[in-house]
Amino acid sequence: MDIKRVLASAPRDHDLGPERPLLTPWGEALHPLAVRQEHPHPQFVRDRFAMLNGWWDYAIVPMGASRTVRPPEEFDGRILVPFSPESVLSCVGRQLQPDELLWYVRRAPRPPLHPGERCLLHFEAVDFACACCVNGKVIGTHRGGYLPFVFDITEAIAAKEPGETLDAGENAEFIIALCVWDPSDTGTQLRGKQKLKRGGIWYTAQSGIWQPVWMEVVPERHIESLRLLPDAESGELTAEVDVCGTEGLLRLYVSDASGMQVASAAAPAEEGAVPVSARGAEEDERRRRVRVAVSVPGMRRWSPDDPYLYNLTLRFGADVVYSYTAFRTVAVQPDAAGRYRFFLNGEPLLLRGVLDQGYWSDGLMTAPADDALAFDIAAMKDAGFNMLRKHLKVEADRWYYHCDRLGMLVWQDMVNGGGAYDTWETSFRPTLWRGAWDNYSDTDTAHQEKLGAGDEHYRGHWRDSCRATVEYLGNHPSVACWVLFNEGWGQFDAAAATEMVHDLDPARPIDAVSGWYDQHCGDFLSVHNYFRPLKVCRDRPRDLRGYAAERGGRAFVISEFGGATFRVEGHSSFAHSYGYDTFEDAAAWRSAVRETLAQAAALVTDGLAGFVYTQLSDVEEEVNGILTYDRRVNKLEEDGGWHGSGF
């Protein structure tokens, strides 16, 4: 064990000192009237949509005892949506406290609605709990800070008798008001790496709207959701489509990358399962699940070297939705020597990954521009990586789209939460004693308390959010693995969670426990190794549980390692740095990183299936990134970056 690195990584209570505001190139060029105007969901696009990003009025007020949802009469100023008030780009720069409410208000143009048409108001992410009013009417509430949600606001914006067209003439506007409460780390909700007292591996807590807001108009008979099931073995694409409407044909058209139609199929809307999105018994009868299948001739597979996408058009009555899909297989299975590895399209592939926190110096968890999302992916691909582990965060949907089109595999973490973590149990103990990782039951109530998972409300929230995350991201070909728990944070009954996710999505591998406290389930023995020589650990087949036991083995991955720090003057938020090995010289840092990556890659002959280097970018005082926090310096760039060989 490297004691020097252990001591350097120990959590410490300290004053970070003054923060230096850092603008990314996209933040510097940002125009308030043109913030994130692209469609948020490239796999579910309609033509009639309008973005509501830009200036909103805001006010931060004490919670008080009133249960009335009523906006304040006076506001503190303007906030630039979709950036959280804690970020530089929001133009607020204030931390919301757990005993405060954050109000947003803005006027929006009322779209023209013909008889039967509906207007939907979308929020991509609001942290944590919110109530939404339109024209003074409460239209809905939501809890959960990382996933999108939608409200039907048709009746709330109506100004004429039913059946008449709502024309959007001059001064035709409606008022949106959103009230937000966020307990941050004083609560047990999912929160990722956010903390009111930031420092070290914990980052600035953020609140309120932090992803785009938009609205769209849909016909009365319309498509509600889409699940894509491409089969790369048969070349057949199956689409499970939830529609609002009891009759009519659902038509599916498939085009190749050049735009030429290569296949089509149709299926009638018939009696079937009611989608989970249905609201109210009266509406349930109007919703159907339609299943349509089509064979794609000469099917071409997706891979990082050839990220081939097929374009889709779906029609149901007057509704038209544009999407895309890809064909590929991912699996964990034994190679010719009997060692379990990650397989892509039937061939073993060494996963060369990097840890991606998804933070920016000016937008915090919100990318300053769509190009910024793509930049990170392209930079890591150019540096020789083929996988990103999206760490404890659900990213904007367009980030996954860029991974799909650029050819970057994704290991997707579930967001952690729960109560306060016992530092001894989640950090010191497993760091100092490797033997502490084994035979540590996460169904034991005393252990769950120490890991922050003692609250049943948290456990229920985690299960619900886990299921929703799998459903939300399941159509993206780049997503190749689900990561359920990280370093014990909020961990509970990982074996049951693994079986739940496996039932939801049997086509993707699962990293049940990343770091330590393995429960002998899932597809990987997944360890973090910052302090010892890198090596491959072996499973004990007799201890395996669930489908891993039925299959007879798991692959081994080093799911975090590295973390060498180098602070680039003028591109760091704070004067002090946090990390493990500290380098004052760029050349020495590059040499150390290259050597560490080469050591990991060399373990492929011992059975290593993949690794995840820490990390993609600096974040606040943690300066162990390949890119600086402001994305202006690539620390590996002098010689073109690190490129793996022999895989």
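Contact here means heavy atoms within 4.5 Å. Keep that in mind as we look around this structure, which is a predicted model.

Let's start with helix H5 (residues 370-382) and helix H6 (residues 397-406). From H5, the residues Asp370, Leu373, Ala374, Ile377, Ala378 and Lys381 meet Arg398, Trp399, His402, Cys403, Arg405 and Leu406 of H6.

Two packed helices are described by the angle between their axes and the distance between the axes. For H5 and H6, the angle is about 40° and the axes lie 9 Å apart, which makes H5 oblique to H6. Their crossing is right-handed.

## Salt bridges

Side chains of opposite charge can pair when their charged atoms come close. Across the whole structure, a search finds 36 salt bridges. One group to look for is a network of salt bridges that links Asp356, Lys390, Lys393 and Glu395.

Glu240 and Arg227 form a salt bridge through their side chains, at 3.5 Å from N to O. This pair links distant parts of the chain, with Glu240 in strand S16 (residues 236-244) and Arg227 in strand S15 (residues 222-231), 13 residues apart. Glu240 is buried, at 16% relative accessible area, while Arg227 is partly exposed at 40%.

Another salt bridge joins Glu38 and Arg36, at 3.1 Å from N to O. Here Arg36 is buried at 4%, and Glu38 is partly exposed at 22%.

Finally, Glu456 and Arg463 meet in a salt bridge at 3.4 Å, N to O. Glu456 is partly exposed at 42% relative accessibility, and Arg463 is partly exposed at 28%.

Definitions and conventions: Residues numbered from 1 in each chain as written. Predicted model: local features only at pLDDT ≥ 70, side-chain atom pairs only at ≥ 80, totals over all residues. Heavy atoms only, no water. Axes fitted to C-alpha atoms, helices over the stretch in contact; angles between N-to-C directions. Helix = DSSP H or I, 4+ residues; strand = E, 2+ residues; numbered from the N terminus. Parallel < 35°, antiparallel > 145°, perpendicular 65-115°, else oblique. Left-handed = near helix turned anticlockwise from the far one by under 90°. Salt bridge = Lys/Arg side-chain N within 4 Å of Asp/Glu carboxyl O. Buried < 20%, exposed > 50% of the residue type's maximum accessible area, 1.4 Å probe, protein only.
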